[in-house]
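Hi everyone, thanks for having me.

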Amino acid sequence: MTNAAANPVLQAERIEMVLGEGARSVNALRGASVSLAAGDLLLVMGPSGSGKSTLLSILGCILKPTRGEVRVAGQATVNMDAEALAELRRRYIGFVFQSYNLFPGLTARENVEASLAIRSCRAKDAREAAEKALHSVGLSHCLQSLPRQMSGGEQQRVAIARAIVANPKIILADEPTAALDGESGRGVLQQLRRLAKQERCAVLMVSHDARALPFADQVLSMADGQILNAQTPSEYLLSNTVPGEHAHA
Amino acid sequence: MIATIAFKNLVHEPARFLATAAGIGLSLVLVTVQLGLLFGFDRTISAIIDNAKADLWIVPKGTAAFDDPSFLETNQKYAAAVVPGVRRIKPLVVGFAEWRKPAGGSTSVIIIGSDPRHATVDPWNVSSGQLHDLRAPDAVAIDVSYAPQLGVGKRGDIANVEGLHARVALTTNGIRSFTTSPYVFTALSQARAFLNADPSRSSYLAVELAQGADAQRVRERLAGKLPTVEVLTPAEFRARNVERWLLDTGAGIALLTGTAIAVLVGAVIMTQSLYTTVNDYRREFATFRAMGSSKGFLTSVVACQAGICTLAGFALALLGNLAVMAISAAWSLPIEISPTLILTLCGLAALMSVAATFAAAAKVARVDPASVFAQ
């Protein structure tokens with residue numbers, strides 16, 4: 001069970017998002033509401049084009065919704081400009097991307113340090129914090145490795161270290177296991193679960209990957225820009241499993 | 001960390017980085033060569049005036065350039081000599097003559113004759129012989145870079161000028177004429193003989209002032225006393241010379257236009273190279289923006305990348321310019337690459353770097369951070 005209703009860190013109410021203009025406009029989101037508290041791990045599932053990434057962009061204060069309200073750590077974002085939203089992201093949100101988005105020329109440690117560089121952290125402190133973050137995701141042995149020298153799972157763990165190094169209250173992960181094999185994917189999901197339960201981060205993960213279900217507290221199902229329901233992973237599995245088949249998203 | 005991010009972003013793809021640096025380097029070499037040509041011509045055009053020992057010049061009215069002389073009236077030297085503040089009047093004879101090569105054939109030369117006892121326009125960059133060697137009858141000085149054109153190239157060689165013997169008594173290296181006619185230095189009397197001029201006539205009078213004399217006041221006195229001439233400072237004579245060759249001739253205008261175009265093209269190529277390089281890293285910048293980076297941080301990274309590319313390009317340009325200098329020296333090309341030009345180039349590169357930073361930073365500021373998410 002989540003405790004979002006009691007003390008939400010991230011709250012979105014009746015979000016609508018219209019992309020494009022005129023006859024070509026598309027309602028990417030239609031009245032989506034999400035609430036996320038410290039320690040929650042929320043999984044958003046749905047087919048391609050259901051509005052998952054748009055929801056993630058809006059919750060991450062990267063896109064502004066056409067209608068509705070997003071509150072981050074109690075702050076309404078509706079009247080914030082791009083720079084204020086960027087500052088909000090810096091202070092409260094860590095991102096994990098599907099294709100890792102590591103800087104290819106930087107070592108693992110430098111990639112993590114870069115996250116602190118945008119926060120004007122002192123070089124020495126940034127280095128220590130980066131090493132600590134990489135240690136926490138089990139990558140102490142990869143400090144000097146370039147992304148191309150690491151496996152996909154290791155790269156994604158570097159991305160997680162980069163997301164958590166500034167101690168954000170919220171982690172938003174976009175298909176974090178999509179490019180990973182079974183073992184690497186499980187490792188990444190364990191890390192996200194650990195962040196929620198041990199570090200008390202509010203974690204929201206968008207995924208097609210059924211492997212993520214056991215790690216989530218709650219599953220939001222999306223289709224056509226709407227959140228159809230919020231279920232526990234067990235409920236989701238029951239409602240989406242045809243007898244004789246394995247669960248799939 | 002900003003510098004590290006910028007540097008490693010660039011060197012991560014060495015081929016692209018080198019291509020950018022090479023583009024910038026070539027642009028800067030292009031600008032250097034063209035500006036070097038302009039400065040070189042400016043120096044060549046004014047070389048005689050710059051190396052002459054004159055506090056003031058008395059020139060026939062309407063003189064357009066040093067290389068385009070006419071004769072002063074005979075009595076003017078004496079009239080000028082008695083003006084208070086004048087220490088000495090040093091006549092100079094300048095004129096075109098036909099130079100006959102010992103092996104046959106001829107070419108046009110510019111004879112410059114001055115009194116070897118009073119330094120006026122002595123040859124410089126002497127490579128063989130002594131200045132007093134020019135006091136001997138029929139002695140002349142030539143520049144070795146013109147040896148093929150003159151048919152002589154070393155001391156003792158003999159040619160013929162307007163039917164008179166001309167014996168090479170001194171050689172120089174690097175005294176080039178703006179026209180196709182080489183300079184030939186000789187004594188005043190010998191020059192008059194070559195040019196078949198009356199012994200009392202001069203093309204110009206170089207004025208040497210008495211110690212402590214006020215140049216402006218002496219100039220006014222000379223102008224008052226000699227109404228049919230012009231009295232010019234060396235700077236004015238130089239400017240008139242440059243104006244004549246650069247602004248009144250097709251070659252000069254072509255050179256100026258070529259220089260302007262080269263600077264423009266070089267600047268555009270350089271800015272474009274920098275802009276494209278920075279633009280190639282949009283994905284990285286979008287990631288930074290999504291992570292919450294401020295525009296200021298992104299601009300710093302962009303500026304740093306532009307600076308690094310500019311420095312690398314500038315270093316390549318310096319190497320290229322060394323090659324140009326070597327070729328210029330070997331072929332006696334009038335390309336002057338001076339420390340001033342290098343500093344100018346440095347300033348230009350910095351300016352282009354700033355321009356590219358602004359252009360790229362504006363683009364980066366508009367990068368869509370949402371593009372980092374899977375669609």
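Let me start with one helix. In α8(B), the buried residues are Gly266(B), Met270(B), Thr271(B), Ser273(B), Leu274(B), Tyr275(B), Thr277(B) and Val278(B). Before we go on, keep in mind that this is a predicted model.

Why might we look at the spacing in a list like that? An α-helix has 3.6 residues a turn, so residues three or four places apart point the same way.

What covers the buried residues of α8(B)? The cover includes α2 (14–51), α10 and α11 (339–365), which belong to chain B. As for the helix itself, α8 of chain B runs over residues 250–279, which makes 30 residues. From first C-alpha to last, α8 reaches 42 Å, close to the expected 44 Å.

Now let's step back to the whole chain. Chain B has eleven helices and ten strands. Its radius of gyration is 29 Å, well over the 21 Å from the globule rule for 375 residues, so chain B is more spread out than a compact globule. Along the principal axes, the C-alpha atoms of chain B fill a box of roughly 95 × 50 × 35 Å. Of the 375 residues in chain B, 44% count as buried.

Last stop: the partner chain.

Terms used: Residues are numbered from 1 along each chain as its sequence is written. Chains are lettered from A and ligands numbered from 1 in the order in which they are written. This is a predicted model: local features need pLDDT of at least 70, side-chain atom pairs count only at pLDDT 80 or more; totals for chains, interfaces and linings use all residues. Helices (H or I, at least four residues) and strands (E, at least two) are DSSP runs, numbered from the N terminus. The radius of gyration is taken over C-alpha atoms; the globule rule is 2.2 Å times the number of residues to the power 0.38. A residue is buried if 20 or more other C-beta atoms lie within 10 Å of its own, exposed if 12 or fewer, and partly exposed in between; C-beta atoms are placed from the backbone. The expected span of a helix is 1.5 Å times one less than its number of residues. Two residues are in contact if their C-beta atoms, placed from the backbone, lie within 7 Å.
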